[in-house]
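Dear colleague,

I am passing on to you the structure we spoke about, together with some notes on what turned up when I went through it. Please have the sequence and the view open beside you as you read.

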Amino acid sequence: MTVAGFLQQLIEGLTAGAIYAGLALALVLIYRFTGIVNFAQGELAMFSAFLAWQFVESGWPFWLALPATLAVSFLGGMLIERVIIRPVEGAPELTLVIVTVGLFFFVNAAAGWIWSYQVKSFPNPFPEGAFRAGGVTAGYGSLGVLGVVAAVMGLLYSLFRYTKIGLAMRAVACNPQSARLVGIRVGTVLALGWGLAALVGAVSGVLSAPLLFLEPNMMGGVLIYAFAAATLGGFDSPGGAVVGGLIVGVAETLTGAYLDVIGTELKIGVPLVIILGVLLVRPQGLFGHAVVERV
């Protein structure tokens with residue numbers, strides 16, 4: 001394969017990786033705030049994509065439907081934390097896993113009941129066409145996806161670094177007991193964390209829908225890649241989730257392009273190999289921190 005061909009595959013890998021990074025970022029946010037691995041994160045993103053589609057089908061312009069979808073997703077995430085997660089707060093990890101798996105099936109079934117399982121087309125929010133240079137083509141859609149994920153990461157960094165709400169969320173993520181002692185309303189912050197994760201996941205769902213076609217099971221594969229990205233980057237590192245997503249996307253694309261024995265059919269095995277390798281070599285991920293317990 002030529003250099004131009006390699007660069008073309010690299011661009012496609014980064015585009016896919018940006019989508020994985022968005023969902024991985026949502027997984028990491030919830031894990032940092034609550035210690036819960038949310039197996040329903042992909043289905044929540046899918047449901048948000050259906051909401052955006054419904055707004056557009058009702059005659060709303062896409063760029064008006066998007067903020068409305070994000071607002072509903074944010075409130076929905078807070079409601080899920082308050083109604084479903086808070087009653088089992090402090091329960092054994094297996095209980096929390098079962099709750100999120102149950103939420104996975106419930107949201108999937110609800111989407112199928114409301115919108116059916118028929119595949120629907122989703123409007124591409126970015127203009128058609130591409131930027132071409134040196135035999136390499138970068139579609140405006142690919143550049144748009146990368147730009148949106150970069151903007152989301154920048155906004156999250158600004159939120160956590162420069163705002164009082166962000167400081168409170170960081171305090172709760174580090175030590176909820178100490179945060180409660182200094183007057184921070186931990187329950188409210190946890191609900192905000194779930195809402196924020198649902199909002200970020202909604203962005204990933206909306207970006208995925210034009211590429212995958214809209215149907216209730218569309219985020220199943222994306223969730224596996226997102227888990228690989230979060231595992232690789234570190235479940236306690238939002239920045240690591242983004243870097244991990246980009247690495248997973250590039251690795252998947254290049255493996256499918258260069259290894260004929262894998263091709264497009266077996267690319268789904270790439271994230272599984274990454275998850276297994278990271279857990280064996282560096283369980284905390286590239287940017288995560290190992291948990292040290294004093295006896």
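How many aromatic pairs does a search of the whole structure find? The search finds 13 of them, and before I go into a few, please keep in mind that this is a predicted model.

Aromatic rings

A pair of aromatic rings is described by the distance of the centres and the angle of the planes. One of the pairs is formed by Phe 50 and Trp 115, which are stacked, with 4.8 Å from centre to centre and 10 degrees between the planes. This pair links distant parts of the chain, since Phe 50 belongs to helix H2 (residues 41-57) and Trp 115 to helix H4 (residues 93-115), 65 residues apart. Phe 50 has a relative accessible area of 0% and is therefore buried, and Trp 115, with a relative accessible area of 9%, is buried too.

A second pair is made by Phe 62 and Phe 122, whose ring centres are 6.2 Å apart and whose planes stand at 90 degrees, so this pair counts as edge-to-face. Because Phe 62 lies in helix H3 (residues 62-85) and Phe 122 in the loop between H4 and strand E1 (130-133), the pair ties together parts that are 60 residues apart in sequence. Both Phe 62 and Phe 122 are buried.

Beyond these pairs, Tyr 31, Phe 39, Phe 227 and Phe 235 form one aromatic cluster. There is also a charge to look at beside a ring, for Lys 120 lies over the face of Trp 53, at 5.5 Å from the ring centre.

The overall fold

The secondary structure of the protein comes to eleven helices and two strands, and read along the sequence the pattern is α-α-α-α-β-β-α-α-α-α-α-α-α. For a protein of 295 residues, a compact globule would have a radius of gyration near 19 Å, and the protein agrees with this because its own value is 19 Å. The C-alpha trace spans about 60 × 50 × 35 Å along its principal axes. Buried residues make up 48% of the 295 residues, while the accessible surface comes to about 14700 Å², of which 69% belongs to carbon and sulfur atoms. If we take the contacts between residues at least 6 apart in sequence, 74% of them join residues at least 24 apart.

The two strands

In which sense do E1 and strand E2 (residues 136-139) pair? They pair in the antiparallel sense, over four bridges, and Phe 131 stands opposite Ala 138 in E2. The hairpin of E1 and E2 has two residues between the strands, and in this hairpin Gly 134 takes a positive phi near 60 degrees.

Most residues other than glycine have a negative phi, which is the reason I noted the next two residues. Ser 116, which is not a glycine, has a positive phi of about 75 degrees; Ser 116 is found in the loop between H4 and E1, and its relative accessible area of 30% makes this residue partly exposed. Phe 213, also a residue other than glycine, has a positive phi near 75 degrees. Phe 213 is found in the loop between helix H8 (186-212) and helix H9 (220-233), and at 47% relative accessibility Phe 213 counts as partly exposed.

Some buried positions in helices

Leaving aside residues up to four places away in sequence, Glu 81 touches Arg 86, Gly 187, Leu 190, Ala 191 and Trp 194.

In helix H1 (residues 3-34) you will find Ala 16, which is buried with a relative accessible area of 18%. The C-alpha atoms of Ala 16 and Leu 211 are separated by 9.6 Å, although these residues are 195 residues apart along the chain. Gln 9 also has its place in helix H1, and at 17% relative accessibility Gln 9 counts as buried, because the limit for that class is under 20%. The C-alpha atoms of Gln 9 and Met 169, which are 160 residues apart along the chain, are separated by 38 Å.

Terms used:
Residues numbered from 1 in each chain as written. Predicted model: local features only at pLDDT ≥ 70, side-chain atom pairs only at ≥ 80, totals over all residues. Heavy atoms only, no water. Phe/Tyr/Trp six-rings, centres within 6.5 Å; stacked < 30°, edge-to-face > 60°. Buried < 20%, exposed > 50% of the residue type's maximum accessible area, 1.4 Å probe, protein only. Lys NZ or Arg CZ within 6 Å of the ring centre and 35° of its normal. Pairing = 2+ DSSP bridges. Contact = heavy atoms within 4.5 Å. Rg over C-alpha atoms; globule rule 2.2 N^0.38 Å. Areas by Shrake-Rupley, 256 points an atom, 1.4 Å probe, with all protein chains shown as cover.
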